[in-house]
Amino acid sequence: MLALLFLSPETPVFAAPAGQDNAVREMVSGIISYTRWPALNGKPTLCIFSSSAYVSALQKGDTDALPYLPVAVQNEQEALTARCDALYFGLEPPERQQEIIQRLAPRPMLTLAEQNPDCATGSAFCLQFHPQRVTFSVNLDALSRSGVRVNPDVLMLARNKKHE
């Protein structure tokens, strides 16, 4: 299953002929599925910033089938009080992502972003949007400071991705 989900960060992971909503939801679900939090019982809470273009896609469907509990947050304050285990950033720039992440430290936190093309600062996982596909980049430094563990197979795929 892991091989099918993450064929390569350089190649299409999911085609999105009818839009990228499903591709984004599947990508985020896959990343979360292969992540472990210390002392977490049950599904992690994914806080999705309302500035995301995919906030409804990430909340859509049967919540029992999702590997996370989706919670939409309007701002940083709501994210700070929502007891998030993962954050999905929308339009927040990488520097702002970094500020929010630092305010939540030392809580173990998986971070994902849709507006972080360089993936050098801010979130650990950065989605890359292409006309017919969604791929991802990984900021290994941010991931190592996150307090969560990601399956080594995912990290092996990330090793081939160069951050510029």
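In the predicted model, aspartate 141 is partly exposed, with a relative accessibility of 47%. Its side chain takes part in a salt bridge with arginine 145, in which the closest N and O atoms are 2.6 Å apart. Both aspartate 141 and arginine 145 belong to helix H6 (residues 140–145), where they are separated by 4 residues, about one turn of the helix.

A search of the whole structure identifies 5 salt bridges, and those that share partners connect Glu76, Arg96, Glu99 and Arg103 into one network. Within this group, the side chains of arginine 96 and glutamate 76 form a salt bridge with an N to O distance of 2.1 Å. This pair joins distant parts of the chain, since arginine 96 is located in helix H5 (residues 94–104) and glutamate 76 in helix H4 (residues 76–81), 20 residues apart. The two partners fall into separate accessibility classes: arginine 96, at 32% relative accessibility, counts as partly exposed, whereas glutamate 76, at 12%, counts as buried because its value is under 20%.

A further salt bridge brings together the side chains of aspartate 85 and arginine 107, at 3.3 Å from N to O. Aspartate 85 is found in the loop between H4 and strand S5 (86–89), and arginine 107 in the loop between H5 and strand S6 (110–113), so this pair ties together parts of the chain that are 22 residues apart in sequence. Aspartate 85 is buried, with a relative accessibility of 9%, while arginine 107 is partly exposed, with a relative accessible area of 28%.

Key:
Residues are numbered from 1 along each chain as its sequence is written. This is a predicted model: local features need pLDDT of at least 70, side-chain atom pairs count only at pLDDT 80 or more; totals for chains, interfaces and linings use all residues. Side-chain values use heavy atoms; hydrogens and water are left out. A salt bridge is a side-chain nitrogen of Lys or Arg within 4 Å of a carboxyl oxygen of Asp or Glu. Helices (H or I, at least four residues) and strands (E, at least two) are DSSP runs, numbered from the N terminus. Buried means under 20% relative accessible area, exposed over 50%, partly exposed in between (1.4 Å probe, protein chains only).
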